[in-house]
Amino acid sequence: MNLTGQILVSMPSLEDERFFKTVIYMCAHSNEGSMGIIINKKIDYDLYPDLLEQLGIDKPLENKLFLRYGGPVESGRGFILHSDDMVRKETLNIDNGVALTSTAEFFDDLSVGNGPKNSILALGYAGWGPGQLEAEIFHNSWMTLSVDNSFLFDEDVSKKWTQAYKLLGIDPNNLSFTSGTA
């Protein structure tokens with residue numbers, strides 16, 4: 001099972017408040033562990049000017065940049081999940097036109113309007129050790145789904161969790177909070 005380039009959708013019964021009703025884009029998944037960016041948790045817009053200043057961006061960006069809580073690991077570090085129309089040698093090409101970059105030079109490019117067509121600035125990421133994510137999926141904490149880039153970079157994050165379930169053809173309100181494994 002390789003989940004790179006797919007999304008994880010938390011089950012309604014997932015009790016960890018950091019991941020309650022989250023949608024996570026999987027940037028890497030291997031025997032060594034997994035890494036993803038939560039794409040449906042906005043960061044308060046009031047923090048935006050301070051964050052741009054902290055990143056060394058001193059003027060408004062020409063392209064819209066969506067700010068997200070990417071996950072609990074390294075939450076003080078910025079990661080840019082973006083379309084692959086702009087890459088650097090440090091960029092991780094993920095899947096189907098999506099890439100991840102976290103270098104200062106990339107932030108500089110964004111500040112002068114030379115960024116990619118679509119991008120999400122995430123603070124932190126979600127990470128799992130070897131076998132941890134697979135165990136969580138086995139224990140019914142997550143569903144997996146392939147989506148297109150329009151879903152990934154859609155600005156309406158408040159409905160993304162529900163929309164993911166609609167794409168699966170499931171009403172999350174009808175799911176049981178107790179389940180077994182076959």
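Mentor: Before we start, a polar contact is a pair of N or O atoms within 3.5 Å, where within protein one must be able to donate a hydrogen and the other to accept it, and residues adjacent in sequence count only if both atoms are side-chain atoms. This is a predicted model, in which local features need pLDDT of at least 70 and side-chain atom pairs count only at pLDDT 80 or more, while totals for chains, interfaces and linings use all residues. Residues are numbered from 1 along each chain as its sequence is written, and side-chain values use heavy atoms, with hydrogens and water left out.

Trainee: OK, what does the side chain of Asn40 reach at 2.9 Å around Val23?

Mentor: That side chain reaches the backbone nitrogen of Val23 at 2.9 Å, and Asn40 also reaches the backbone oxygen of Lys21 with its side chain, again at 2.9 Å.

Trainee: And is Asn40 buried or exposed?

Mentor: Asn40 is buried, its relative accessible area being 8%, where buried means under 20%, exposed over 50% and partly exposed in between, with a 1.4 Å probe and protein chains only.

Trainee: Where is Asn40 placed?

Mentor: Asn40 lies in the loop between β3 and α1 (48-54); helices (H or I, at least four residues) and strands (E, at least two) are DSSP runs numbered from the N terminus.

Trainee: Switching to β3, which strand do 6 bridges join to it?

Mentor: That is β2 (residues 23-30), running antiparallel to β3, with Ile24 bridged to Ile38; two strands pair if DSSP finds at least two bridges between them.

Trainee: How many residues of β3 are buried?

Mentor: In β3 (residues 33-38), 6 of 6 residues are buried.
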